[in-house]
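Take a look at the model below.

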Amino acid sequence: MAQESLFIPFTRQHLNSILDFKYLRQKALQKAQDLAGDYWTDYNEHDPGITLLEQFCFALTELAFKTETPIQNLLRDPKTGRLNKKMLGLFEPEHIFSSQPQTINDYRKVIFDEVKGVMNVWLEPVQSTAASQMGLYKIRLQAAPYLKDDAEGQLKMIENSKSVFLKYRNLCEDIDSISIIEEVPITIGCQVQINESRTIERILADILLALENFLTPELRFYDYPTILARKQDIAEVFEGPLLKHGFIDEADFRPKLTEFAVSDISKIMMNVESIISLSDFCLWVGGQKQTEGLVTLKENEIPRVELAGIDELIEKILFFRNGIRYKPDKNSTVKYFQDMRNLDRRLYITETNLNNLTEATHGQRLDANYYSIQNHLPEIYGLGEFGVPSSASSERLAQIKQLKTYLLFFEQIMANYLAQLAQLPNLLSLSAQPKTYFSQDVGLLVPKAKELNLFKENFAIFDYDNTPNSHNYAEALEALNSKLQEGGERRSRFLDYMLAIYGENFSEYSLSKFNEYQSPEAYEQHLLNAKSKFLKNAAMTSGARGQALDYQSLKHAAGIESRLILLLDLADSDDDALFQSMFHVFKDLDIELVEAGSSSVWADNAIIENHTVDDEFIERHFFFVDPQANFAEFDESYKEFLLRKTIPFVSSCIEDNFLKLALDTTNFRVGTDGSGTGLHYLVYKDSRLGKWCDAGMFPSQSDAFGALWALQELVAKLNAQSESMHLVEHNLLRPNAEEALFGFAMHFPEIGLHFVFDEFCNIAEREQHINHIKTEYKQELNYFIRRETDDIFWLCFQTADTKLSLREEHSYKSREEAQTRLDAIKEALLNLQLPDFENFVHLEYPDDETGTKEEIQIPDSFYGFRISLFFPNWTARFSNPEFRLLVQEIIRINSPAHIEPFAYYLSWKDAKAFEDMFFAWIRSLATKEPGQDYQRLTFNMTKFLLGLWREQSA
């Protein structure tokens with residue numbers, strides 16, 4: 001038995017049935033017969049009930065027909081007839097399908113697209129076992145011929161290529177080296193037999209172009225129709241970065257040529273039209289003649305047949321036709337060659353083509369006005385525009401009004417359906433407004449409806465509990481819609497639908513569990529705004545989620561930072577120093593943020609005991625504060641007046657623990673000291689001191705309550721504005737691979753043996769050493785005992801050539817003890833597995849204060865594809881362990897799969913110090929010659945991160 005599908009089948013059969021009047025009429029009659037049973041048997045057309053039923057069936061077909069309106073027309077702006085892309089959560093294909101560069105070919109595209117003078121570009125990942133070298137690329141550029149002898153132009157091209165890479169680079173990726181590739185000139189010598197179909201100049205030009213496409217293929221741009229014809233899928237066309245000058249087909253990408261056979265060149269020439277045969281074939285590669293075999297190129301070389309050597313080619317390629325030699329004309333050959341090359345290299349401006357492609361054309365806008373079925377009923381019913389004769393009896397008029405009112409119930413539903421359909425642009429828009437139910441007043445659409453009492457002014461409409469809620473029909477209709485809105489939940493579901501189109505999700509439910517700063521109603525609207533903002537930025541945050549900070553220009557943050565700021569509802573600031581921007585808020589308020597217990601005003605003068613009451617008195621006689629009380633009775637100026645009388649403004653400082661404590665109303669009470677002065681004190685319970693403390697003094701209880709609410713409003717704002725983040729990529733801290741900073745240890749886990757290499761070397765030397773040891777670690781003679789003093793003996797390993805020596809990490813007190821260990825090792829050698837090698841980096845730098853040299857050893861794994869994210873620990877949300885778990889889960893979900901993220905939570909003092917250090921380091925990283933200042937800043941940043949990393953790992 002086939003399993004029933006869990007998905008809604010994609011079929012329009014049900015809608016087609018609704019468009020069929022006969023089908024609807026048949027179903028309606030069948031239903032009427034089922035319900036009426038034996039009470040009614042006349043279902044002919046003369047029956048008024050059947051007449052009404054048929055009119056409703058016809059009206060339903062009209063509604064279904066309008067529902068079939070093409071979606072692009074339903075979404076058009078009613079005034080302009082265009083798709084309002086800014087209002088709708090819809091993105092052009094070039095924006096939603098494209099992304100920041102992800103692959104090597106993507107990097108090649110953007111460099112070729114944006115750097116003038118680049119004929120081709122190759123990126124090669126650095127091949128190294130060192131984690132500090134992961135994600136690094138060697139970039140090799142092929143310069144255009146006009147830059148061959150222009151040293152300044154080549155240097156500018158290198159700098160521009162570096163800037164483009166850094167602008168688009170992914171997290172934990174960087175440049176190892178960037179250089180211009182050397183061109184090795186190639187000349188061909190042979191005799192060519194040709195037919196009479198074409199001129200010799202065209203044949204030679206074809207040979208030059210074919211050889212160039214094989215040896216040094218130049219990338220080329222395509223216009224949109226051409227690339228679409230090649231790809232036949234719009235998503236594939238826009239895959240990867242959006243270029244400025246057109247489209248590049250990845251099928252044109254080829255790896256850099258490292259070798260080729262002499263016979264490959266002859267085969268290419270034989271494929272040129274009009275060539276019959278070749279003889280006496282040879283090549284001159286870099287001046288060296290070669291008649292057969294392979295031509296091998298160095299890593300930084302590329303072969304090229306140059307136009308500059310056209311004279312030599314004309315002399316060495318001998319063209320024969322019917323036994324007579326013909327010599328090509330140089331100028332004509334060059335012209336033909338350049339014309340054919342330029343035809344392939346035509347540039348297209350993407351933006352112009354795409355605007356023509358994606359700009360929506362005008363279309364028919366949906367007519368949302370409902371046309372009443374009463375206009376279609378026979379005139380004898382008296383429901384139409386002309387009504388009934390004036391001679392009609394009062395009973396007749398009453399019957400008509402009764403039927404008209406009865407029909408209104410059904411017509412209002414259908415009119416609302418059309419209104420809802422017409423509001424589709426609003427329903428699927430980026431708006432955070434909660435209204436999602438719409439209607440239209442049938443009193444304006446039904447003939448003579450205004451004559452009914454229902455539509456007269458001051459006609460009370462009663463709610464479900466018989467209390468009047470409106471004074472006319474239109475107001476009552478709007479009130480009913482308001483009841484159906486479900487707050488912001490329904491709007492939230494519409495936004496969820498739009499996010500789902502792009503494979504995105506916004507975890508507002510999880511965030512709502514940690515609402516510390518707003519009322520439930522205000523926070524519901526706040527989350528709608530946050531979700532709407534995330535949807536507006538969906539194309540950017542999705543396509544650039546792996547993008548890293550451009551540390552050269554500092555123009556944009558990392559893509560994951562932008563996503564997390566939106567997903568975690570963090571404060572976003574134009575100021576790069578995100579945490580320090582929070583301190584500016586305190587400064588603008590003339591309030592200093594201090595550590596708990598560091599202010600004498602808060603520690604001493606604030607104690608309520610100074611007012612001759614103790615904690616017991618407060619517990620018995622002071623009032624709790626109602627968190628649901630109305631704060632709206634105070635205007636903004638009076639709220640500010642009350643706020644200035646609270647302790648943060650009286651003392652010009654605020655303790656950091658008060659930022660969390662003040663948000664909980666149960667921590668406060670209001671009362672008098674019993675002295676009869678009439679003064680009311682606002683007090684709070686300091687959990688650190690275990691006492692009630694004075695937060696302010698006011699002439700009335702209501703003023704004390706108002707001061708607390710104003711204080712909580714301010715503290716909530718300070719909390720929210722303090723929540724931001726920073727990201728550091730560990731590999732940007734990597735040491736220079738050429739410096740002697742790298743060490744390693746050799747570990748045999750089976751016997752608990754650990755050898756350390758005492759010296760430091762560069763990465764290449766370290767890899768050579770390790771490979772050398774792997775071939776000799778089982779040789780008995782390589783293990784020996786070295787005596788340092790009478791009670792210090794070392795167990796050592798040395799390669800046979802004595803160039804490489806390691807010693808065990810701990811010494812032995814006697815030779816006998818060391819010998820016992822050595823014998824055990826030699827006995828186990830045959831069965832030993834390949835040792836583990838622990839790589840590390842050794843950094844040292846003079847301490848700024850003492851001047852002594854400080855040294856740290858960093859595990860190699862510290863650098864590889866790891867990022868650190870920093871958040872505040874002093875705010876109400878981020879001090880909650882459960883919220884931190886949510887943060888870590890959202891980070892994990894949104895981080896690239898190959899990146900390992902670490903989250904740290906800093907105190908406000910540490911955050912300020914960190915930002916000072918971070919920005920000094922990142923700006924020094926952007927300089928062309930880092931120098932000593934860069935080394936010091938890198939050392940301090942590495943030391944700081946390593947301490948956090950080890951602490952968390954422990």
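This is a predicted model: local features need pLDDT of at least 70, side-chain atom pairs count only at pLDDT 80 or more; totals for chains, interfaces and linings use all residues.

Residues are numbered from 1 along each chain as its sequence is written, and side-chain values use heavy atoms, with hydrogens and water left out.

Start with charge. Side chains of opposite charge can pair when their charged atoms come close. Here a salt bridge means a side-chain nitrogen of Lys or Arg within 4 Å of a carboxyl oxygen of Asp or Glu. The count by this rule is 41 salt bridges.

One of them joins K448 and E451, whose closest N and O atoms are 3.9 Å apart. K448 is partly exposed at 33%. E451 is partly exposed too, at 43%.

Next, find K685 and E619. Their side chains meet in a salt bridge, at 3.8 Å from N to O. This pair links distant parts of the chain, 66 residues apart: K685 sits in strand β18 (residues 680-686), E619 in helix α25 (residues 615-621). Helices (H or I, at least four residues) and strands (E, at least two) are DSSP runs, numbered from the N terminus. K685 is partly exposed at 27%, and E619 is partly exposed at 39%.

Now move to E900 and R866. Their salt bridge has its closest N and O atoms 3.0 Å apart. It ties strand β29 (residues 900-906), which holds E900, to strand β28 (residues 866-872), which holds R866; the two residues are 34 residues apart. E900 is partly exposed at 36%, whereas R866 is buried at 17%.

Salt bridges can also join up. R230, K231, E236, D249 and D252 are linked in a network of them.

Turn to the largest pocket. A pocket is an open set of points on a 1 Å grid over the protein atoms alone, with protein on both sides within 12 Å along at least five of seven lines; lining residues have an atom within 4 Å of a point. Which residues lie nearest its centre? They are D176, R734, P735, N736 and A737, out of 44 lining residues. Strand β3 supplies the largest share of the lining, five residues. Other elements that each give at least two include β1 (118-125), α7 (151-168) and α34 (931-953).

Definitions and conventions: Buried means under 20% relative accessible area, exposed over 50%, partly exposed in between (1.4 Å probe, protein chains only). On a 1 Å grid over the protein atoms alone, a cavity is a set of points where a 1.4 Å probe fits but cannot get out, and a pocket is an open set with protein on both sides within 12 Å along at least five of seven lines; lining residues have an atom within 4 Å of a point.
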